[in-house]
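Visitor: Hi! I'm new to this one, could you walk me through it?
Guide: Happy to, let's take a look together.

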Amino acid sequence: MMNKLAKHSKEMLMHLEWIEKRYIDGRKENKKADFFGEVKPYADKVKQELDVWKEEALHFLQSKATKKLWPMQINSAYDQIETCSIQAFYPETSKSRFTNQLQSAKYVVETLLRIVEESEV
C-alpha cells in the first residue's frame, strides 16, 4: 500500500509540475483552451488519479499517526489540485491565487511522500 501511495504521490507531483507549466505558458500566449478538447479530458484524468491518491492518503494517515500531516490537509490539497487542473487552462485566472493553491498542494503532497518514504525504511 505504501509503495502505491508513494507512486501516486509522485504522479501528483508530476501533474502539479505540468499544471504550473501549462498555466505559465497559457499566460504568456494569452490563449484559452478548448474546454471539451483539452480542459475536460485532462481534468477528468487528474480527478480519477486524485480520487485514488486521496483514498490511499487518508487510509495511510489513519493507520500511521503523524503530527506532520492531517486528513484536513489531504482534503484541501485534493480540492486545490482539482481546481488548478482546470484553472491552468485559463490565462485570466488570478496568478497569486493560482500560485498559492499550487504551492500549498505541492507542500502537502511532498510532505506526505516524505512521511511515506521514511516509514518504508
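**Helix α2 and its neighbours**

Guide: This is a predicted model. Helix α2 and helix α3 (residues 71-87) have axes that come within 9 Å and cross at roughly 170°.

Visitor: Which residues of α2 and α3 meet?
Guide: On the α2 side they include Val39, Tyr42, Val46, Leu50 and Leu61, and on the α3 side they include Ile74, Tyr78, Ile81 and Ile86. By class, the contact of α2 with α3 has 15 nonpolar, two polar and four charged residues.

Visitor: New topic: how do α2 and α4 pack?
Guide: Helix α2 (residues 35-63) packs with helix α4 (residues 95-120) at about 55°, and their axes are 12 Å apart. That angle makes α2 oblique to α4. The crossing of α2 past α4 is left-handed.

Visitor: And which residues meet there?
Guide: Trp53, Ala57, Phe60 and Leu61 from α2 meet Val109, Leu112, Ile115, Val116 and Ser119 from α4. This contact of α2 with α4 has eight nonpolar residues, one polar and no charged ones.

Visitor: Which residues of α2 are buried?
Guide: Among them are Trp53, Glu56, Ala57, Phe60 and Leu61.

Visitor: Last one: what should α2 span, at 1.5 Å a residue?
Guide: Its 29 residues should span 42 Å, and the end C-alpha atoms of α2 are 39 Å apart, which agrees.

Note on methods: Residues are numbered from 1 along each chain as its sequence is written. This is a predicted model: local features need pLDDT of at least 70, side-chain atom pairs count only at pLDDT 80 or more; totals for chains, interfaces and linings use all residues. Side-chain values use heavy atoms; hydrogens and water are left out. Axes are lines fitted to C-alpha atoms, for helices over the stretch in contact, and angles run from 0 to 180 degrees between N-to-C directions. Helices (H or I, at least four residues) and strands (E, at least two) are DSSP runs, numbered from the N terminus. Angles under 35 degrees count as roughly parallel, over 145 as roughly antiparallel, 65 to 115 as roughly perpendicular and the rest as oblique. A crossing is left-handed if the near helix is turned anticlockwise from the far one by less than a right angle, and right-handed if clockwise. Contact means heavy atoms within 4.5 Å. Ala, Val, Leu, Ile, Met, Phe, Trp, Tyr, Cys and Pro count as nonpolar, Asp, Glu, Lys and Arg as charged, and the others, Gly among them, as polar. The expected span of a helix is 1.5 Å times one less than its number of residues. Buried means under 20% relative accessible area, exposed over 50%, partly exposed in between (1.4 Å probe, protein chains only).
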